[in-house]
Amino acid sequence: RAMGCHVLYLAATNAMFVTEGLRSVRGTPVLTVTDAAFEGSATGIIHFILRDNRVRFTIDSRAAAEHGLTISSKLLSLALDARGGR
């Protein structure tokens with residue numbers, strides 16, 4: 001676990017890498033960010049996806065709360081989906 005880490009970006013190289021990375025910061029106030037290069041079930045609080053040749057994102061607000069983070073309403077309004085759970 002990286003002390004002082006505020007944001008952890010996990011480039012989707014394989015499922016095990018993403019899952020282990022997410023597990024390593026579970027319950028800490030670290031914003032996790034993943035991308036859609038890997039179509040797995042393990043996603044970060046913010047998950048980038050390509051839609052119509054644009055990078056868009058979803059937000060898992062429940063996971064954010066579990067990490068002790070609050071996502072601004074402005075950022076939530078920009079998300080494709082701001083679901084309350086995985």
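Accessible areas here come from the Shrake-Rupley method with a 1.4 Å probe, and for residues only the protein chains shown count as cover. By that method, the accessible surface of this chain comes to about 5,500 Å², and 56% of that surface belongs to carbon and sulfur atoms.

A word on the model. It is predicted, so local features need pLDDT of at least 70 and side-chain atom pairs count only at pLDDT 80 or more, while totals for chains, interfaces and linings use all residues. Residues are numbered from 1 along each chain as its sequence is written, and side-chain values use heavy atoms, with hydrogens and water left out.

Of the 86 residues in the chain, 36% count as buried, meaning under 20% relative accessible area with a 1.4 Å probe, protein chains only.

Next, the elements. The chain has three helices and four strands; these are DSSP runs, helices being H or I of at least four residues and strands E of at least two, numbered from the N terminus. Their order from the N terminus on is β-α-β-β-β-α-α.

The four strands form an open sheet in the order β1-β2-β3-β4, with mixed pairing. Two strands pair if DSSP finds at least two bridges between them. At the edges are β1 (7–10) and β4 (54–59), each pairing on one side only.

β1 pairs with β2 (residues 31–35) in the parallel sense, over four bridges. Within β2, T32 is the bridge partner of L8. Helix α1 (residues 15–24) packs on the sheet and touches β1 and β2, where contact means heavy atoms within 4.5 Å.

How values were computed
Axes are lines fitted to C-alpha atoms, for helices over the stretch in contact, and angles run from 0 to 180 degrees between N-to-C directions. Buried means under 20% relative accessible area, exposed over 50%, partly exposed in between (1.4 Å probe, protein chains only).
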